[in-house]
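Have the model open beside you as you read.

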Amino acid sequence: MNTVVKKYFVNINYFFVALVIFLLLIQSKVDLTITTKYIICFFLIATIGISHGAYDGHKGLVFLKEKINFPKLLFYFTYISLVLFVFFFWYLNPKISLIIFLILSSFHFGKEDLEIYITKIFRFRVIIFFLKGSLIILLPLYFKYDETNEIFNSILFLQSTTLIPSSFVKLFLPLNLLLQFFFYIYILIKRNILYKDFLIIFSEIFLIIIIFYLFSIITAFTLYFCFIHSLKNIIAISSELNTNIYLGFRSFLLKSLPITIITFLLLFLSLFVLTSIEPLEEVIQKTIFIGLASLTLPHIVLHYFIDR
């Protein structure tokens, strides 16, 4: 099954290249305002982006019922409580919350992008997961430091602060890429990874670098989150539900759609309420990133127990 899923992952990369070229053509012909870009990105993240996480409801219930006969209502109560806990903690200490979110997201992005390629027997794969996932944090800081800092300040409810120094980014990003290169070479030599998988990983890293260089932060993040991270998860989930990917995808839609709609409506409602207080771009920044932070914790916790 992994072989079939990997083929679809390659097709996702081809689709992604075509999408980037299409967007570059649109960008050269149409001058979209920053507000328009933010609105489009919000709708993409609040639908395609969160849909794979919306499947947690079904996945968690099935897992807990099989393992410990966990009550349905208690599962939802626990999951929602973790979401609310993140909101509450972010309000009390946004800087610590953001740092934790960036660390968890780095590991999470890397793990879900790479685990299909790197075998569990490789002892250092957790480090590679973090290095790969942290590119989503480092690249916007490297290419568009001021713009990224503005987003950080927005979601930290601050006017002007520096969370990650520019000197650190300029040092750690090249070091990150170098360490990844040597890690992949090492596991290739040790035959913990196939040569074609090695090439796929590097092509994906190249694509991620390209989008953060070419597009605004919000556009690049949306492209990665929706059309690499989320699409890969949707394909993987679909393959688990049915050996026929298309039937599995239909089953995934049916099982994830209710929570996707509910989450979208809650995000849209918060957007609608907050726009009367702050500029739309800043409201979307807060809604997207604080919203994703609150959803990431229970998502990671659930997958941690399932993986174990």
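This is a predicted model: local features need pLDDT of at least 70, side-chain atom pairs count only at pLDDT 80 or more; totals for chains, interfaces and linings use all residues.

Q: Which hand does the crossing of α2 and α11 have, left or right?
A: It is a right-handed crossing. On the α2 side, the contact is made by F42, F43, A46, T47, I50, S51, H52 and A54, and on the α11 side by F252, S256, I259, T260, T263, F264, L267, F268 and L271.

Q: What makes up the contact of α2 with α11, by class?
A: There are 11 nonpolar and 6 polar residues, and no charged ones.

Q: What makes α4 oblique to α5?
A: Helix α4 (residues 72-92) packs with α5 at an angle of about 130 degrees, and their axes are 5 Å apart. The roughly perpendicular range is 65 to 115 and roughly antiparallel means over 145. An angle of about 130 degrees therefore makes α4 oblique to α5.

Q: Which residues of α4 and α5 make that contact?
A: From α4 come F89, W90, Y91 and L92, and from α5 come P94, I96, S97, L98, I100 and F101. By class, these divide into 9 nonpolar, 1 polar and no charged.

Q: How do you know that α5 is oblique to α10?
A: Helix α5 (residues 94-114) packs with α10 at about 45 degrees, with the axes 9 Å apart. Roughly parallel needs an angle under 35 degrees, and roughly perpendicular starts at 65. An angle of about 45 degrees therefore makes α5 oblique to α10.

Q: Which residues meet where α5 packs with α10, and of what classes are they?
A: H108, F109, E112 and D113 in α5 meet F221, Y224, F225, H229, K232 and N233 in α10. By class, that contact has 4 nonpolar, 3 polar and 3 charged residues. The crossing of α5 and α10 is left-handed.

Q: Why does Y224 count as buried?
A: Buried means under 20% relative accessible area. Y224 has 0% relative accessibility, so Y224 counts as buried. This residue is found in helix α10 (residues 217-241).

Q: What is Y224 in contact with, leaving aside its neighbours within four places in sequence?
A: Y224 is in contact with F16, F109, D113, I136, I208, I211 and H229. As for distances along the fold, the C-alpha atoms of Y224 and I12 are separated by 11 Å, while the two residues are 212 residues apart along the chain.

Q: Why is K286 called buried?
A: The value for K286 is 8% relative accessibility, and the cut-off for buried is under 20%. K286 therefore counts as buried. K286 lies in helix α12 (residues 280-307).

Q: What lies around K286?
A: Leaving aside neighbours within four places in sequence, K286 is in contact with S154, I155, F157, E278 and G291. A polar atom of the K286 side chain lies 2.9 Å from the backbone oxygen of S154.

Q: How do you know whether S134 is buried or exposed?
A: S134 has a relative accessible area of 4%, and buried means under 20%. So S134 is buried. Its place is in helix α6 (residues 125-143), and S134 touches S106 and N176, not counting residues up to four places away in sequence.

Q: What makes L23 and L24 partly exposed?
A: Partly exposed lies between the buried cut-off, under 20%, and the exposed cut-off, over 50%. L23 has a relative accessible area of 24%, so L23 is partly exposed. L24, at 30% relative accessibility, therefore counts as partly exposed.

Note on methods: Residues are numbered from 1 along each chain as its sequence is written. Side-chain values use heavy atoms; hydrogens and water are left out. Helices (H or I, at least four residues) and strands (E, at least two) are DSSP runs, numbered from the N terminus. Buried means under 20% relative accessible area, exposed over 50%, partly exposed in between (1.4 Å probe, protein chains only). Contact means heavy atoms within 4.5 Å. A polar contact is a pair of N or O atoms within 3.5 Å; within protein, one must be able to donate a hydrogen and the other to accept it, and residues adjacent in sequence count only if both atoms are side-chain atoms. Axes are lines fitted to C-alpha atoms, for helices over the stretch in contact, and angles run from 0 to 180 degrees between N-to-C directions. A crossing is left-handed if the near helix is turned anticlockwise from the far one by less than a right angle, and right-handed if clockwise. Ala, Val, Leu, Ile, Met, Phe, Trp, Tyr, Cys and Pro count as nonpolar, Asp, Glu, Lys and Arg as charged, and the others, Gly among them, as polar.
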